[in-house]
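Visitor: I would like to learn how to read a few features of a structure. Could we go through one together?

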Amino acid sequence: MSTPQTVICMRWGGWPVEDVNILYQNVMRNTSRPTRFIALTDDPQGMDPGIEMRALPSIPFWNAKGMYGGEGWRKLALWAADIGVEGEVLYLDLDVVVTGSIDAFFDYHPGEFCIIRNWTEKFEKIGNSSIMKFVAGSAAYIVDEFAKDPIAQSHKFGNEQKFVTKTHKGPVNFWPQEWCPSFKKTLIPFWPLRLWKETPLPADARMVVFTGAPRPRDALNGNWPTRRWRSKLTHKLKPVSWLKGMGWDRP
């Protein structure tokens with residue numbers, strides 16, 4: 001029997017446990033190989049029994065007083081020396097929608113660090129860490145480097161993904177652009193077209209990334225939550241039918 005592929009995610013705070021279960025189920029529907037799904041979490045209650053659970057790795061500096069950028073720095077725990085997982089892993093944020101086979105991600109630059117090329121910083125060669133592949137424990141120096149002065153580093157780099165991309169010492173490989181489109185940055189039609197034209201799903205897309213609002217369950221229903229009253233009209237979109245049957249339409 002071949003060695004299983006390993007997919008991991010992180011969940012902490014009040015993020016809905018159902019999103020972990022939906023991600024797990026969509027991952028398992030989109031692979032033809034033996035695959036493990038592991039959640040690094042501070043609360044395992046309510047997770048699908050097929051999910052393996054590990055405690056969130058401890059990095060005490062992620063919320064130091066004076067830090068810039070909020071809780072996103074906690075993702076640096078992925079680079080700790082021991083995350084309770086061994087070997088090569090494919091990490092997915094909980095707002096990633098799996099729309100095609102994930103197997104090619106494991107075949108792409110095996111054993112090397114792979115990440116999305118951030119859609120808004122292409123010329124700077126900055127990664128977006130919503131979808132990453134790396135060997136667990138292979139770059140613990142990233143955590144050590146940040147721990148030297150977390151407050152200064154947080155203000156200098158602004159977010160975890162920029163720090164990781166700039167600090168990683170080995171090759172930084174970007175996924176093929178068509179594999180990982182951003183729902184908001186590359187797919188959604190410009191306003192006012194999105195009022196009557198549905199957001200398309202390209203045939204080559206394997207995972208669609210929903211950064212911030214709208215979340216998948218919002219887009220499914222044509223909602224785009226916003227607190228800015230001037231944006232109420234522009235933050236509307238036609239319901240996205242290709243999200244049906246993936247889990248977000250459950251009562």
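Guide: Let us begin with burial: buried means under 20% relative accessible area, exposed means over 50%, and partly exposed lies in between (1.4 Å probe, protein chains only). This is a predicted model, where local features need pLDDT of at least 70, side-chain atom pairs count only at pLDDT 80 or more, and totals for chains, interfaces and linings use all residues. Residues are numbered from 1 along each chain as its sequence is written, and side-chain values use heavy atoms, with hydrogens and water left out.

Visitor: Which residues of α1 are buried?

Guide: Helices (H or I, at least four residues) and strands (E, at least two) are DSSP runs, numbered from the N terminus. In α1, the buried residues are Asp19, Val20, Asn21, Ile22, Leu23, Tyr24, Gln25, Asn26 and Val27. They pack against β1 (5–11), β2 (35–41), β4 (88–92), β5 (96–98) and α7 (216–220), where contact means heavy atoms within 4.5 Å.

Visitor: Where does Gly50 lie, and which residues is Gly50 in contact with, leaving aside its neighbours within four places in sequence?

Guide: Gly50 lies in the loop between β2 and β3 (52–55). Its relative accessible area is 35%, so Gly50 is partly exposed. Beyond those neighbours, Gly50 is in contact with Tyr24 and Phe37. The C-alpha atoms of Gly50 and Asn21 are separated by 9.2 Å, although these residues are 29 apart along the chain.

Visitor: How many aromatic pairs does the structure hold?

Guide: A pair of aromatic rings is described by the distance of the centres and the angle of the planes. Rings of Phe, Tyr and Trp (its six-membered ring) pair if their centres lie within 6.5 Å; planes under 30 degrees apart count as stacked, over 60 as edge-to-face and the rest as tilted. The structure holds 14 aromatic pairs. For Phe146 and Phe163, the ring centres are 5.1 Å apart and the planes are at 75°, so this pair is edge-to-face. Phe146 lies in helix α3 (residues 141–147) and Phe163 in helix α5 (residues 160–167), so the pair ties together parts that are 17 residues apart in sequence.

Visitor: Are Phe146 and Phe163 buried or exposed?

Guide: Phe146 is buried, at 0% relative accessibility, and Phe163 is buried too, at 1%. Together with Trp73 and Phe157, these two form one aromatic cluster.
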